Structure formats: C-alpha cells, structure tokens
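Subject: Structure handover

Hello,

Here is the structure you will be working with. My notes on it follow below.

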Amino acid sequence: MIFSRIKAAFFAVTFILSVFWVVFSMWAFNKHNRPIRRIWGKFQRLCGGYSLKIEGEFNDEANMIIMNHQSMLDIIVLEEVHPKNICWLAKKEIKKIPIIGKIIDIPKMIAVDRESKHALVKIVKEAEDRVQNGRVLAIFPEGTRSRTNKLLPFKGGAKIIGDKLNLKIQPIVLVGTDILDVTNFSFKNGEVKIICLDLIDTSDKNWLENAREKMQEVYDAELKSRQNAKK
C-alpha cells in the first residue's frame, strides 16, 4: 500500500509537469500535435510502470470509438496507441483549469456542457466538423467513471451523435486501468489491456444498449481469465 501511494505521488508530479510540456509543444508545433500526444502517452506508461496489451485491431473505417471508463489511464493509453487523431468529448470544467485547460483547446477537442439543454446541437455540429477533418470521436458513454466491475448505464449522447452523422462506431473495452485510483491515491503495478471489438450494427435502434451488453460480456470474460491465471 505504501509503495502504491509513493508511486501515485511520483506519477502525479510527472503527469502535471508533462501536461505543461505537451501543452507548450502543441502550441509551438500545432501541426504535429497528434505525434506529440502519442509521445506523451508513452511517457506516462514509462512513468507508471504498467504493461500494455492490445487484442484485436482498431478498425480503419471507424470514426467514433466508445469505451468503458474507470480512470484517467483510459485516455492516456488510447492517446499512445490509437493510429488516428482522436477527438475526445470532455467535460467543459477541464477548460477552466489554468494552462492545463489548453489541452482541450489547442488540439480542438470537444468540450461538453452537461448542464445545458442546448449543448447537444453545438456538440453535433462540432463532431461533424472533426469527422470531416479525419478525426475519430472518442466517447465514454457512461458519462463518468464506474467504481465497480459493472458498466454504468450508457447515456444517449453517443447514440444521437452516431445516428445524426451516420457514423461507423467501434466499441473498445479497457481492462486494468483501475490500477490508477485517484480517490484512494494509489497506483498499483499491472497490465492494461485494450480489447478492440467489431463495428456496431447501427441499423438496430437499440445498438447502444446492445454494445453495452457486449462490452460487459467481454469485460467479465477478461476478468475471469485473469482470476483463473492467478490460481
């Protein structure tokens, strides 16, 4: 426990410093902001000391990915390994943080105002712009981090965006990112696994809930496999 807290403290310091670096680098070399973010993601893995494994492949046709959400590592690992320029849909509060908030503005991520009833219209318009420019939208449809091994109910924003823009959507299951626990300020050793699933059949009006069920099934199977490996 002591070691995991020391590791968390080290990671917190290096993370904050590295965000300052990546913000400055993206500002100075904006045309290269995606490679800069990829280097940043790899640096976080070196500082965090976790291993990373990918199962399946990122679909080249997908212009939206949806993922389960357990920790900040979810974003970090995808920034390192996803082959395309990801556009995260992030809560607007991040933009208010001095300097760090520029990590949303400079690479043209999409800030989400969850309290505004009219925000969705603006989000769809921005999402369409990013997709037309070759970006891949990245969304956590749970809306917040799950504190258990069960995915939270998916909110409808991802479905509205996907349906209105006729997007090709790939579910991604992240396992092991909960080794970073901000609430208890600990960072354990472990393996993070990214499981890439097939594109969703969006012709079914219940495609978002179907995706959630499939993602939970895959997540449960991976946890069971890990438990059996420890025996």
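A residue is called buried here when its relative accessible area is under 20%. Please keep in mind that this is a predicted model.

Helix 5

By that cut-off, the buried residues of helix 5 are Ala119, Ile123, Val124, Glu126, Ala127, Arg130 and Val131. Residues three or four places apart in an α-helix point the same way, because there are 3.6 residues a turn. The cover over the buried residues of helix 5 includes strand 3 (86-91), strand 4 (110-112), strand 5 (136-139) and helix 6 (157-165). Helix 5 itself runs over residues 119-132, 14 residues in total, and spans 20 Å from its first C-alpha to its last, close to the 20 Å expected. After helix 5 comes glycine 134, which has a positive phi, near 85°.

Glutamine 70

Glutamine 70 sits in the loop between strand 2 (64-67) and helix 3 (73-81). Its relative accessible area is 9%, so glutamine 70 counts as buried. What does the side chain of glutamine 70 reach? Another is the side chain of tyrosine 219, with which the side chain of glutamine 70 makes a polar contact at 3.0 Å. Beyond its neighbours within four places in sequence, glutamine 70 is in contact with residues including Arg145, Ser146, Leu174 and Asp178.

Methionine 26

Methionine 26 belongs to helix 1 (residues 2-28). With a relative accessible area of 0%, methionine 26 is buried. Not counting residues up to four places away in sequence, methionine 26 touches Asn33, Ile36, Arg37, Ile103, Ile106 and Pro107.

The largest pocket holds about 1500 Å³ of space. It is lined by 50 residues, and the closest to its centre are Ile75, Leu89, Ala90, Lys91 and Ile94. Helix 1 contributes the most to this lining, six residues. Sorted by class, the lining of the largest pocket has 32 nonpolar, seven polar and 11 charged residues.

The second largest pocket has a volume of about 400 Å³. Of its 19 lining residues, Gly176, Asp178, Ile179, Leu223 and Lys230 are the closest to its centre. Helix 7 (residues 207-230) supplies the largest share of that lining, five residues. By class, the lining of the second largest pocket has five nonpolar, eight polar and six charged residues. Asp178, listed above for the centre of this pocket, is also one of the contacts of glutamine 70.

Regards

How values were computed:
Residues are numbered from 1 along each chain as its sequence is written. This is a predicted model: local features need pLDDT of at least 70, side-chain atom pairs count only at pLDDT 80 or more; totals for chains, interfaces and linings use all residues. Side-chain values use heavy atoms; hydrogens and water are left out. Helices (H or I, at least four residues) and strands (E, at least two) are DSSP runs, numbered from the N terminus. Buried means under 20% relative accessible area, exposed over 50%, partly exposed in between (1.4 Å probe, protein chains only). A polar contact is a pair of N or O atoms within 3.5 Å; within protein, one must be able to donate a hydrogen and the other to accept it, and residues adjacent in sequence count only if both atoms are side-chain atoms. Contact means heavy atoms within 4.5 Å. The expected span of a helix is 1.5 Å times one less than its number of residues. On a 1 Å grid over the protein atoms alone, a cavity is a set of points where a 1.4 Å probe fits but cannot get out, and a pocket is an open set with protein on both sides within 12 Å along at least five of seven lines; lining residues have an atom within 4 Å of a point. Grid points are joined across faces, edges and corners, and a volume is the space filled by probe spheres set on the points. Ala, Val, Leu, Ile, Met, Phe, Trp, Tyr, Cys and Pro count as nonpolar, Asp, Glu, Lys and Arg as charged, and the others, Gly among them, as polar.
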